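Let's walk through this one together. Take a look at the model first, then we'll go through a few questions.

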Amino acid sequence: MALTRTPVVSGWFTEGAADGGFRLLGTRCSACTAVYFPREDAFCRNPHCAGDGELTEVPLSPRGRVWSYTDGRYRPPAPYVSDPAAPWEPYTLVAVELEAEGMVVLGQAAPGVGVGDLAVGMEVEVVGGVLNEDADTGTAWTTWRFKPVGGAV
């Protein structure tokens with residue numbers, strides 16, 4: 001059975017961006033030009049905005065620089081699925097300052113990327129990743145990950 005790819009949170013990213021790559025999706029206010037991730041569809045969150053702008057979906061920078069990173073040595077809560085009977089493997093969390101927006105976005109590192117592979121200031125790119133697979137339903141829940149640019153990982 002082929003797995004159906006389903007985003008963990010609909011509308012937060014796209015795998016079919018115009019440039020063919022994976023992109024996070026944010027919102028830009030036309031009045032103050034503030035950009036948000038996760039997206040905002042109701043109102044501009046900028047307290048200094050006049051509030052009369054339209055909110056438009058925008059693809060965010062596909063690259064950024066590592067702002068901080070750490071390893072997670074505990075089983076994360078939902079929506080991350082973890083079988084308590086399976087051996088636990090730590091994961092790497094990365095805070096990335098996006099290239100054009102200057103905002104910091106948190107996400108997991110791509111599989112195979114550990115804290116020893118990262119450095120503050122290193123260039124990384126956002127890529128799609130599978131959070132969990134359910135062979136019984138044929139569903140693979142997808143999310144975003146960060147990986148070093150030009151790295152073999």
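Q: What share of the contacts with a separation of 6 or more comes from residues 24 or more positions apart?
A: Quick ground rules: this is a predicted model, where local features need pLDDT of at least 70 and side-chain atom pairs need 80 or more, while totals for chains, interfaces and linings use all residues. Numbering starts from 1 along each chain as its sequence is written, and side-chain values use heavy atoms, with hydrogens and water left out. A contact is a pair of heavy atoms within 4.5 Å. Among contacts in the protein with a separation of 6 or more, the share from residues 24 or more positions apart is 56%.

Q: Is Ala119 buried, partly exposed or exposed?
A: Ala119 sits in the loop between strand E8 (104-109) and strand E9 (123-134); strands are DSSP runs of at least two residues, numbered from the N terminus. Buried means under 20% relative accessible area and exposed over 50%, with partly exposed in between (1.4 Å probe, protein chains only). Because its relative accessibility is 33%, Ala119 counts as partly exposed.

Q: Which residues does Ala119 touch, not counting those up to four places away in sequence?
A: Trp67 is 52 residues from Ala119 along the chain, with their C-alpha atoms separated by 8.6 Å. Leaving out residues up to four places away in sequence, Ala119 touches Val66 and Tyr69.

Technical notes
Helix = DSSP H or I, 4+ residues; strand = E, 2+ residues; numbered from the N terminus.
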